[in-house]
Amino acid sequence: MKTQVCIIGGGPSGLMLSQLLHLQGIETVVLERQTRAYVLSRIRAGVLEQGFAQLMRQAQCGDRMDREGEVHDGFYIAHSGKMDRVDLHKYSSGNSVMVYGQTELTRDLYEARDRLNGIVIHSAEDVKPHDLKAANPFVTFQVAGEEKRVDCDFVVGADGFHGVSRQAIPANVLKEYEKVYPFGWLGILSRTKPVSPELIYAKHDRGFALCSMRSQVLSRYYIQVPLTDKVEDWSDDAFWEELKRRLPAEVVAHLVTGPTIEKSIAPLRSYVAEPMRYGNLFLAGDAAHIVPPTGARGLNTAGSDIYYLFQAMIDHYKHGNSAGLDHYSEKALARVWKAQRFSWWMTTMLHNFPDTSEYDQKLKDIDLAYLFSSEAAQSSMAENYVGLPY
Ligand code: RFL
Ligand code: PHB
């Protein structure tokens, strides 16, 4: 098989790039290790910045998002038994975020790929990129035991944190930066009315909690748990009881509980791989960097990578100008590190860390007090949460 861009990974990053390039007449093949049903069973992001929503529209995938997604102009931070609101609209010059689940937007991207007869190969095993420093790299893989090969101009590694693409970069070239947090998030989905029309991030002595949603009949809640906890340790009742303990009474009064339809634990980690280009391999999204979900930056930062890479490929194929490709890594990483900083700051401020000194605890408390006493601090919070410009 021959194509222009071979994309490893059929998550949101890979599908979005494939769709955008196809609309500009650039051929792609997407290789995905899992089945489509498996990819669509993963419950992940819920909050999209306007830049990402705009990319969905540009990819001709925004109709359902614009119909069913919810525009949020602010969110709450619950602390010391009270609720303070961050007014995103006021403090980011009229900007807002879109609440629309990653599962749904991935479904929309798959349907768009189907409409254009885009090539997405599922259950691709043992995917391996080759000759990345040569003008004609290729990727080998197996489907149902049969060996296949795709020849291409470029390989894009959009295969998530546990993918193979990053591993193709030699160890003496790849520099990795990592911070592992000593806790995880236990998340549940339940067919109940969300407790609040806007998200609530809660800081509590027992640990962080988050009240989010997918729609007005589907709630998503998270609580901070020790890394040693297992999903099986948490009955539905135990989850709801613990969530209630971490929320202000005025919120608990409105909490509707019910059976959970998904329950999982995600460890929290910050990670960046540099550079994001090696020869004709380009990394994008979680393949190159991840953040703890506290600032809702992961998918959104994948979106800016895809935007830069898409623009650079257009310049290369349509205008014979490869400067964008040459500067891709540098440009993407500049925004990636800002998302890292914001995610680290929100995570540190809102979570309980084992063995925090009394001094550090005081600083975390004053961080929140300062935030809600300063318009400048709220502007900084808002501009990061709605997404820094591309
Ligand atoms: P993905 O989604 O991991 O997709 C990568 C795809 O590559 C496939 N793959 C392979 N394919 C072929 N060969 C191989 N060897 C392969 N290895 C892997 C995988 O099967 C998969 O289909 O990466 P992508 O596309 O870069 O997208 C990134 C996002 O998924 C991620 O950043 C977000 O989910 C992070 N995130 C959030 N981001 C936000 O912007 N806003 C949020 O509100 C938000 N909430 C979250 C989140 C992540 C969470 N978890 C579970 C980590 C909440 C949670 C709980
Ligand atoms: C979610 O709804 O899954 C969600 C929302 C906001 C976050 C993280 C996750 O910061």
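Let's start with Trp344, which sits in helix H10, residues 323-350. Keep in mind that this is a predicted model. If we skip residues up to four places away in sequence, Trp344 touches Lys179 and Tyr181. Now look for Ser270 on your screens. Trp344 and Ser270 are 74 residues apart in sequence, yet their C-alpha atoms are 7.7 Å apart in space.

Ala124 gives us another pair to look at. Ala124 and Tyr177 are 53 residues apart in sequence, and from C-alpha to C-alpha they are 29 Å apart. You'll find Ala124 in the loop between strand S8 (119-121) and strand S9 (125-130). Ala124 has a relative accessible area of 1%, so we call it buried. And what is Ala124 in contact with, leaving aside its neighbours within four places in sequence? There are Leu31, Glu32 and Arg33, and then Phe141, Gln142 and Val143.

Next, His79, in strand S5, residues 74-79. His79 is buried too, with a relative accessible area of 8%. Not counting residues up to four places away in sequence, His79 touches Asp84, Lys203, Leu368 and Phe372.

In soluble globular proteins, nonpolar side chains tend to be buried together. Here the largest nonpolar core has 69 residues, and the members that touch the most others are Met16, Leu31, Leu309 and Met313. Which helix gives the most to this core? That is helix H9, residues 298-319, with eight residues. Zoom in on Met313 for a moment. Beyond its neighbours within four places in sequence, Met313 is in contact with Val5, Leu21, Ile26, Phe154, Val156, Phe282, Lys318 and Leu325.

Now for a pair of helices. Helix H1, residues 12-23, packs with helix H6, residues 102-115, at an angle of about 35°, and the axes are 10 Å apart. Their crossing is left-handed. On the H1 side, the contact is made by Pro12, Leu15, Met16, Ser18, Gln19 and His22. On the H6 side, the residues are Gln102, Leu105, Thr106, Leu109, Tyr110, Ala112 and Arg113. Sort the residues of this contact by type and you get seven nonpolar, five polar and one charged. H6 itself has 14 residues and reaches 20 Å from its first C-alpha to its last, close to the 20 Å expected at 1.5 Å a residue. Its buried residues include Thr103 and Asp108.

Last topic: backbone details. Just after H6, Asn117 takes a positive phi of about 55°. Ala144 is not a glycine either, and its phi is positive, about 50°. Where is Ala144? In the loop between strand S10 (138-143) and strand S11 (146-151). Ala144 is exposed, because its relative accessible area of 78% is over the 50% cut-off. Ala296 also has a positive phi, near 55°, and lies in the loop between strand S20 (289-290) and H9. Ala296, though, is buried, with a relative accessible area of 15%.

And one peptide bond to finish: the bond joining Glu274 and Pro275 is cis, with omega about -5°. Look for Pro275 in the loop between strand S17 (260-274) and strand S18 (277-278).

Notes
Residues are numbered from 1 along each chain as its sequence is written. Chains are lettered from A and ligands numbered from 1 in the order in which they are written. This is a predicted model: local features need pLDDT of at least 70, side-chain atom pairs count only at pLDDT 80 or more; totals for chains, interfaces and linings use all residues. Side-chain values use heavy atoms; hydrogens and water are left out. Axes are lines fitted to C-alpha atoms, for helices over the stretch in contact, and angles run from 0 to 180 degrees between N-to-C directions. Helices (H or I, at least four residues) and strands (E, at least two) are DSSP runs, numbered from the N terminus. A crossing is left-handed if the near helix is turned anticlockwise from the far one by less than a right angle, and right-handed if clockwise. Contact means heavy atoms within 4.5 Å. Ala, Val, Leu, Ile, Met, Phe, Trp, Tyr, Cys and Pro count as nonpolar, Asp, Glu, Lys and Arg as charged, and the others, Gly among them, as polar. The expected span of a helix is 1.5 Å times one less than its number of residues. Buried means under 20% relative accessible area, exposed over 50%, partly exposed in between (1.4 Å probe, protein chains only). A nonpolar core is a set of buried Ala, Val, Leu, Ile, Met, Phe, Trp, Tyr and Cys residues joined through side-chain atoms within 4.5 Å.
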